[in-house]
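This report goes through one structure, starting from the contact between its domains and ending with the chain as a whole.

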Amino acid sequence: MIKIVLRRLLIGLFVMWGAASLIFVIVRVAPGDPATVMLGPDADPEQIARLHETLGLDRPMFAQYLSFLGDAARLDFGDSHRLGRPAMEAVFDRLPATIELTLAATAIAVVVGLTLGLVAGGRPGGVVDRVVSAATIALQSFPTFWVGIMLILVFALGLRLLPSAGVGTPQHMVLPAITLALPFTAIVARLTRSSVAESMREPYVQTARSKGLTEPQVLLGHALRNSLIPVVTVVGLQMGALMGGAVIVENVFAWPGLGSLVVDAVANRDYAVVQAVTLLIAGIVMVLNLVADLLYTQLDPRIRMEGAS
(Lines give C-alpha, C1' and ligand atoms only; values in the text may rest on other atoms or scores of the structure.)
Protein backbone atom coordinates (compact mmCIF):
# COMPACT_ATOMS: atom_id res chain seq x y z
CA MET A 1 0.00 0.00 0.00
CA ILE A 2 2.79 2.45 0.90
CA LYS A 3 4.55 1.73 -2.39
CA ILE A 4 1.35 2.42 -4.30
CA VAL A 5 0.79 5.73 -2.49
CA LEU A 6 4.38 6.89 -3.00
CA ARG A 7 4.26 5.93 -6.68
CA ARG A 8 1.02 7.84 -7.21
CA LEU A 9 2.35 10.87 -5.34
CA LEU A 10 5.45 10.99 -7.54
CA ILE A 11 3.29 10.76 -10.65
CA GLY A 12 1.02 13.47 -9.23
CA LEU A 13 3.94 15.82 -8.61
CA PHE A 14 5.12 15.30 -12.18
CA VAL A 15 1.61 16.04 -13.46
CA MET A 16 1.45 19.21 -11.36
CA TRP A 17 4.79 20.36 -12.76
CA GLY A 18 3.53 19.68 -16.28
CA ALA A 19 0.30 21.57 -15.65
CA ALA A 20 2.18 24.53 -14.17
CA SER A 21 4.58 24.64 -17.11
CA LEU A 22 1.75 24.39 -19.64
CA ILE A 23 -0.33 27.16 -18.13
CA PHE A 24 2.77 29.37 -17.87
CA VAL A 25 3.47 28.98 -21.58
CA ILE A 26 -0.16 29.38 -22.66
CA VAL A 27 -0.66 32.55 -20.65
CA ARG A 28 2.58 34.10 -21.93
CA VAL A 29 2.05 33.35 -25.61
CA ALA A 30 -1.58 34.50 -25.65
CA PRO A 31 -2.09 37.59 -27.82
CA GLY A 32 -2.26 40.97 -26.13
CA ASP A 33 -0.24 42.74 -23.46
CA PRO A 34 -1.56 42.37 -19.89
CA ALA A 35 -0.06 45.72 -18.92
CA THR A 36 -2.04 47.44 -21.68
CA VAL A 37 -5.21 45.65 -20.54
CA MET A 38 -4.65 46.71 -16.94
CA LEU A 39 -3.82 50.35 -17.72
CA GLY A 40 -6.16 50.84 -20.66
CA PRO A 41 -5.50 51.85 -24.25
CA ASP A 42 -4.69 55.45 -23.28
CA ALA A 43 -1.65 54.53 -21.15
CA ASP A 44 1.67 55.98 -22.28
CA PRO A 45 4.74 53.76 -22.95
CA GLU A 46 6.43 54.86 -19.72
CA GLN A 47 3.51 53.68 -17.59
CA ILE A 48 3.43 50.36 -19.45
CA ALA A 49 7.18 49.90 -18.95
CA ARG A 50 6.88 50.56 -15.20
CA LEU A 51 4.07 48.03 -14.89
CA HIS A 52 6.09 45.48 -16.87
CA GLU A 53 8.87 45.92 -14.31
CA THR A 54 6.42 45.60 -11.40
CA LEU A 55 4.95 42.38 -12.80
CA GLY A 56 8.34 41.00 -13.73
CA LEU A 57 7.43 40.83 -17.41
CA ASP A 58 10.61 42.66 -18.40
CA ARG A 59 12.79 39.76 -17.22
CA PRO A 60 13.92 36.86 -19.46
CA MET A 61 11.28 34.18 -19.96
CA PHE A 62 13.30 31.50 -18.17
CA ALA A 63 13.74 33.75 -15.14
CA GLN A 64 9.99 34.36 -15.11
CA TYR A 65 9.43 30.60 -15.30
CA LEU A 66 11.67 29.80 -12.35
CA SER A 67 10.08 32.56 -10.30
CA PHE A 68 6.63 31.29 -11.22
CA LEU A 69 7.44 27.72 -10.13
CA GLY A 70 8.76 28.96 -6.79
CA ASP A 71 5.70 31.11 -6.18
CA ALA A 72 3.36 28.29 -7.25
CA ALA A 73 4.98 25.93 -4.74
CA ARG A 74 4.05 28.46 -2.03
CA LEU A 75 0.55 28.99 -3.53
CA ASP A 76 1.51 32.62 -4.13
CA PHE A 77 0.28 33.72 -7.54
CA GLY A 78 0.36 37.43 -6.79
CA ASP A 79 -2.51 39.91 -6.73
CA SER A 80 -5.39 40.07 -9.14
CA HIS A 81 -5.24 43.41 -10.94
CA ARG A 82 -8.98 43.21 -11.60
CA LEU A 83 -10.10 42.33 -8.06
CA GLY A 84 -7.39 44.18 -6.17
CA ARG A 85 -6.55 41.31 -3.78
CA PRO A 86 -4.47 38.11 -3.73
CA ALA A 87 -5.50 35.66 -6.45
CA MET A 88 -5.64 32.63 -4.14
CA GLU A 89 -7.88 34.54 -1.74
CA ALA A 90 -10.36 35.18 -4.56
CA VAL A 91 -10.13 31.54 -5.69
CA PHE A 92 -10.75 30.15 -2.21
CA ASP A 93 -13.78 32.42 -1.87
CA ARG A 94 -15.32 30.86 -4.99
CA LEU A 95 -14.12 27.28 -4.42
CA PRO A 96 -16.87 26.19 -1.97
CA ALA A 97 -19.61 26.96 -4.51
CA THR A 98 -17.91 24.84 -7.17
CA ILE A 99 -17.29 21.96 -4.75
CA GLU A 100 -20.91 22.12 -3.62
CA LEU A 101 -22.16 21.91 -7.20
CA THR A 102 -19.70 19.13 -8.09
CA LEU A 103 -20.66 17.00 -5.07
CA ALA A 104 -24.36 17.41 -5.80
CA ALA A 105 -23.86 16.41 -9.44
CA THR A 106 -21.73 13.43 -8.40
CA ALA A 107 -24.36 12.22 -5.94
CA ILE A 108 -27.07 12.42 -8.60
CA ALA A 109 -24.92 10.67 -11.20
CA VAL A 110 -23.82 7.85 -8.89
CA VAL A 111 -27.28 7.09 -7.46
CA VAL A 112 -29.16 7.29 -10.77
CA GLY A 113 -26.38 5.74 -12.84
CA LEU A 114 -25.86 2.78 -10.52
CA THR A 115 -29.60 2.15 -10.35
CA LEU A 116 -30.08 2.25 -14.12
CA GLY A 117 -26.98 0.17 -14.76
CA LEU A 118 -27.97 -2.42 -12.17
CA VAL A 119 -31.48 -2.82 -13.56
CA ALA A 120 -30.29 -2.96 -17.18
CA GLY A 121 -27.36 -5.28 -16.48
CA GLY A 122 -29.52 -7.67 -14.48
CA ARG A 123 -31.42 -8.60 -17.64
CA PRO A 124 -29.12 -7.84 -20.60
CA GLY A 125 -30.90 -7.66 -23.93
CA GLY A 126 -34.28 -6.96 -22.36
CA VAL A 127 -36.56 -3.99 -22.92
CA VAL A 128 -35.20 -2.05 -19.95
CA ASP A 129 -31.64 -2.66 -21.10
CA ARG A 130 -32.41 -1.31 -24.56
CA VAL A 131 -34.18 1.76 -23.21
CA VAL A 132 -31.37 2.54 -20.76
CA SER A 133 -28.73 2.05 -23.47
CA ALA A 134 -30.53 4.42 -25.84
CA ALA A 135 -31.06 7.00 -23.11
CA THR A 136 -27.41 6.98 -22.04
CA ILE A 137 -26.23 7.46 -25.62
CA ALA A 138 -28.57 10.44 -25.96
CA LEU A 139 -27.42 11.97 -22.67
CA GLN A 140 -23.79 11.82 -23.76
CA SER A 141 -24.61 13.32 -27.15
CA PHE A 142 -26.23 16.57 -26.03
CA PRO A 143 -23.91 19.54 -25.33
CA THR A 144 -23.97 20.60 -21.69
CA PHE A 145 -24.79 24.24 -22.40
CA TRP A 146 -27.75 23.19 -24.61
CA VAL A 147 -29.10 20.90 -21.87
CA GLY A 148 -28.84 23.74 -19.36
CA ILE A 149 -30.69 26.15 -21.64
CA MET A 150 -33.44 23.58 -22.30
CA LEU A 151 -33.90 22.94 -18.59
CA ILE A 152 -34.19 26.69 -17.98
CA LEU A 153 -36.78 27.06 -20.74
CA VAL A 154 -38.89 24.16 -19.46
CA PHE A 155 -38.63 24.26 -15.66
CA ALA A 156 -37.83 27.93 -14.99
CA LEU A 157 -39.55 29.92 -17.74
CA GLY A 158 -42.23 27.43 -18.79
CA LEU A 159 -43.41 25.63 -15.66
CA ARG A 160 -41.92 28.18 -13.23
CA LEU A 161 -41.00 25.42 -10.81
CA LEU A 162 -37.33 26.27 -10.26
CA PRO A 163 -35.16 29.41 -10.40
CA SER A 164 -33.10 29.86 -13.55
CA ALA A 165 -29.98 31.41 -11.98
CA GLY A 166 -28.31 32.56 -8.80
CA VAL A 167 -27.87 31.03 -5.35
CA GLY A 168 -29.52 31.23 -1.95
CA THR A 169 -31.82 28.20 -1.65
CA PRO A 170 -31.53 24.48 -2.39
CA GLN A 171 -33.85 24.99 -5.35
CA HIS A 172 -31.18 27.13 -7.04
CA MET A 173 -28.87 24.11 -7.18
CA VAL A 174 -31.30 21.68 -8.80
CA LEU A 175 -31.00 22.73 -12.45
CA PRO A 176 -27.22 23.29 -12.56
CA ALA A 177 -26.56 20.05 -10.66
CA ILE A 178 -28.78 18.03 -13.00
CA THR A 179 -27.20 19.67 -16.06
CA LEU A 180 -23.72 18.83 -14.82
CA ALA A 181 -24.71 15.31 -13.76
CA LEU A 182 -26.46 14.06 -16.91
CA PRO A 183 -23.40 13.10 -19.00
CA PHE A 184 -21.75 11.64 -15.89
CA THR A 185 -24.92 9.64 -15.16
CA ALA A 186 -24.76 8.11 -18.63
CA ILE A 187 -21.12 7.06 -18.12
CA VAL A 188 -21.83 5.45 -14.74
CA ALA A 189 -24.94 3.69 -16.06
CA ARG A 190 -23.20 2.25 -19.13
CA LEU A 191 -20.18 1.08 -17.16
CA THR A 192 -22.32 -0.43 -14.39
CA ARG A 193 -24.53 -2.18 -16.94
CA SER A 194 -21.51 -3.76 -18.67
CA SER A 195 -19.89 -4.82 -15.39
CA VAL A 196 -23.11 -6.27 -13.95
CA ALA A 197 -23.94 -8.14 -17.17
CA GLU A 198 -20.47 -9.68 -17.13
CA SER A 199 -20.70 -10.56 -13.43
CA MET A 200 -24.07 -12.27 -13.93
CA ARG A 201 -22.34 -14.87 -16.12
CA GLU A 202 -19.75 -15.74 -13.50
CA PRO A 203 -19.87 -19.12 -11.66
CA TYR A 204 -20.28 -17.54 -8.21
CA VAL A 205 -23.55 -15.95 -9.38
CA GLN A 206 -24.82 -19.31 -10.56
CA THR A 207 -23.84 -20.79 -7.20
CA ALA A 208 -25.76 -18.05 -5.37
CA ARG A 209 -28.85 -18.79 -7.46
CA SER A 210 -28.55 -22.50 -6.75
CA LYS A 211 -28.67 -21.70 -3.04
CA GLY A 212 -32.15 -20.26 -3.51
CA LEU A 213 -31.28 -16.55 -3.36
CA THR A 214 -33.70 -14.21 -5.08
CA GLU A 215 -32.62 -12.15 -8.09
CA PRO A 216 -32.36 -8.88 -6.10
CA GLN A 217 -30.22 -10.67 -3.49
CA VAL A 218 -27.96 -12.00 -6.22
CA LEU A 219 -27.65 -8.58 -7.85
CA LEU A 220 -27.05 -6.56 -4.68
CA GLY A 221 -25.13 -9.11 -2.66
CA HIS A 222 -22.89 -10.67 -5.28
CA ALA A 223 -22.87 -8.99 -8.72
CA LEU A 224 -22.81 -5.40 -7.54
CA ARG A 225 -19.71 -5.62 -5.33
CA ASN A 226 -17.48 -6.88 -8.13
CA SER A 227 -19.07 -4.47 -10.59
CA LEU A 228 -18.10 -1.51 -8.41
CA ILE A 229 -14.38 -1.91 -9.06
CA PRO A 230 -14.28 -0.11 -12.45
CA VAL A 231 -17.09 2.24 -11.42
CA VAL A 232 -15.12 3.59 -8.44
CA THR A 233 -12.16 4.39 -10.68
CA VAL A 234 -14.33 6.21 -13.21
CA VAL A 235 -16.14 8.19 -10.50
CA GLY A 236 -12.81 9.40 -9.12
CA LEU A 237 -11.62 10.46 -12.56
CA GLN A 238 -14.92 12.01 -13.60
CA MET A 239 -15.19 14.18 -10.47
CA GLY A 240 -12.17 16.06 -11.71
CA ALA A 241 -13.74 16.34 -15.14
CA LEU A 242 -16.92 17.67 -13.53
CA MET A 243 -14.98 20.57 -12.05
CA GLY A 244 -13.78 21.41 -15.54
CA GLY A 245 -17.30 21.06 -16.94
CA ALA A 246 -18.57 23.31 -14.20
CA VAL A 247 -16.99 26.26 -16.03
CA ILE A 248 -19.73 26.10 -18.68
CA VAL A 249 -22.58 25.21 -16.32
CA GLU A 250 -21.73 27.97 -13.85
CA ASN A 251 -21.85 30.58 -16.59
CA VAL A 252 -25.19 29.29 -17.93
CA PHE A 253 -26.80 29.46 -14.48
CA ALA A 254 -24.84 32.43 -13.09
CA TRP A 255 -23.45 30.18 -10.35
CA PRO A 256 -20.76 32.09 -8.38
CA GLY A 257 -18.01 29.46 -8.55
CA LEU A 258 -14.61 29.04 -10.16
CA GLY A 259 -16.12 28.83 -13.64
CA SER A 260 -17.40 32.39 -13.79
CA LEU A 261 -14.25 33.60 -12.03
CA VAL A 262 -11.87 32.07 -14.55
CA VAL A 263 -13.93 33.21 -17.56
CA ASP A 264 -13.77 36.80 -16.33
CA ALA A 265 -10.05 36.39 -15.62
CA VAL A 266 -9.32 35.12 -19.14
CA ALA A 267 -11.31 37.96 -20.70
CA ASN A 268 -9.34 40.52 -18.67
CA ARG A 269 -5.94 38.81 -18.98
CA ASP A 270 -5.76 38.35 -15.23
CA TYR A 271 -2.71 36.08 -15.16
CA ALA A 272 -2.73 35.52 -11.43
CA VAL A 273 -6.31 34.23 -11.22
CA VAL A 274 -6.05 32.05 -14.36
CA GLN A 275 -2.92 30.35 -13.04
CA ALA A 276 -4.32 29.92 -9.54
CA VAL A 277 -7.59 28.35 -10.73
CA THR A 278 -5.88 26.04 -13.21
CA LEU A 279 -3.33 24.67 -10.77
CA LEU A 280 -5.87 24.35 -7.99
CA ILE A 281 -8.12 22.22 -10.19
CA ALA A 282 -5.11 20.16 -11.29
CA GLY A 283 -4.23 19.55 -7.64
CA ILE A 284 -7.79 18.52 -6.80
CA VAL A 285 -7.86 16.12 -9.75
CA MET A 286 -4.57 14.61 -8.57
CA VAL A 287 -5.95 14.03 -5.07
CA LEU A 288 -9.17 12.52 -6.42
CA ASN A 289 -7.19 10.14 -8.62
CA LEU A 290 -5.11 9.08 -5.63
CA VAL A 291 -8.25 8.42 -3.58
CA ALA A 292 -9.75 6.42 -6.46
CA ASP A 293 -6.59 4.33 -6.73
CA LEU A 294 -6.62 3.59 -2.99
CA LEU A 295 -10.28 2.57 -3.10
CA TYR A 296 -9.54 0.41 -6.11
CA THR A 297 -6.88 -1.47 -4.17
CA GLN A 298 -9.35 -2.11 -1.34
CA LEU A 299 -12.04 -3.43 -3.66
CA ASP A 300 -9.75 -5.60 -5.81
CA PRO A 301 -7.72 -8.13 -3.77
CA ARG A 302 -5.45 -8.79 -6.74
CA ILE A 303 -4.10 -5.25 -6.55
CA ARG A 304 -3.54 -5.57 -2.80
CA MET A 305 -1.49 -8.72 -3.39
CA GLU A 306 0.61 -6.98 -6.03
CA GLY A 307 1.22 -4.02 -3.70
CA ALA A 308 2.24 -6.30 -0.86
CA SER A 309 4.65 -8.30 -2.99
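Across the interface of domain 1 and domain 2, one residue pair in polar contact is found, with both residues at pLDDT 80 or more. The model is a predicted one. Salt bridges between domain 1 and domain 2 number zero. The area buried between the two domains is about 2400 Å², and carbon and sulfur atoms give 72% of that area.

The domain assignment places domain 1 at residues 1-88 and domain 2 at residues 95-307. To their contact, domain 1 brings 32 residues and domain 2 brings 24 residues. Taken over C-alpha atoms, the centres of domain 1 and domain 2 are separated by 32 Å.

Which elements give two or more residues to the side of domain 1 that touches domain 2? They are helix H1 (2-29), helix H2 (34-39), helix H4 (61-73), strand S1 (79-80) and helix H5 (87-122). H1 gives the most to this side of domain 1, with 13 residues. By residue class, the side of domain 1 that touches domain 2 divides into 21 nonpolar, five polar and six charged residues.

**Ser21 in helix H1**

Helix H1 contains Ser21. The side chain of Ser21 is joined to that of Tyr65 by a polar contact of 2.6 Å. Is Ser21 buried or exposed? Ser21 counts as buried because its relative accessibility is 14%, and the cut-off for buried is under 20%.

**Salt bridges**

How many salt bridges does a search of the whole structure find? The search finds five.

| Salt bridge | N to O distance |
|---|---|
| Arg50 and Glu46 | 3.0 Å |
| Arg74 and Asp71 | 2.4 Å |
| Arg193 and Asp129 | 2.8 Å |

Arg50 and Glu46 both belong to helix H3 (residues 45-55), where they are four residues apart, or about one turn of the helix. Arg50 has a relative accessibility of 45% and therefore counts as partly exposed. Glu46, with a relative accessible area of 54%, is exposed, since exposed means over 50%.

In the pair of Arg74 and Asp71, the side chains meet at 2.4 Å, N to O. Arg74 has 56% relative accessibility, so Arg74 counts as exposed. Asp71 has a relative accessible area of 23% and is therefore partly exposed.

Between Arg193 and Asp129, the closest N and O atoms of the salt bridge are 2.8 Å apart. This pair links distant parts of the chain, with Arg193 in helix H8 (residues 170-199) and Asp129 in helix H6 (residues 127-141), 64 residues apart. Asp129 is buried because its relative accessible area is 5%. Arg193 has 23% relative accessibility and so counts as partly exposed.

There is also a network of salt bridges, which links Arg85, Glu89 and Asp93.

**Ile108 in helix H5**

Ile108 is located in helix H5, one of the elements that give two or more residues to the side of domain 1 that touches domain 2. With neighbours within four places in sequence left aside, the residues in contact with Ile108 are Gly113, Ala177, Ile178, Ala181 and Thr185. How far apart in space are Ile108 and Ile178, C-alpha to C-alpha? The distance is 7.3 Å, while in sequence Ile108 and Ile178 are 70 residues apart. Ile108 counts as partly exposed because its relative accessibility is 31%.

**The chain as a whole**

The protein chain contains 13 helices and two strands. The C-alpha trace of the chain spans about 85 × 60 × 30 Å along its principal axes. Of its 309 residues, 38% count as buried. Among contacts in the chain between residues at least 6 apart in sequence, 74% join residues at least 24 apart.

Notes. Residues numbered from 1 in each chain as written. Heavy atoms only, no water. Domains from an automatic or database assignment. Contact = heavy atoms within 4.5 Å. Buried area = accessible area lost by both parts, 1.4 Å probe. Salt bridge = Lys/Arg side-chain N within 4 Å of Asp/Glu carboxyl O. Polar contact = N/O pair within 3.5 Å; in protein donor to acceptor, adjacent residues only side chain to side chain. Nonpolar A, V, L, I, M, F, W, Y, C, P; charged D, E, K, R; others polar. Buried < 20%, exposed > 50% of the residue type's maximum accessible area, 1.4 Å probe, protein only.
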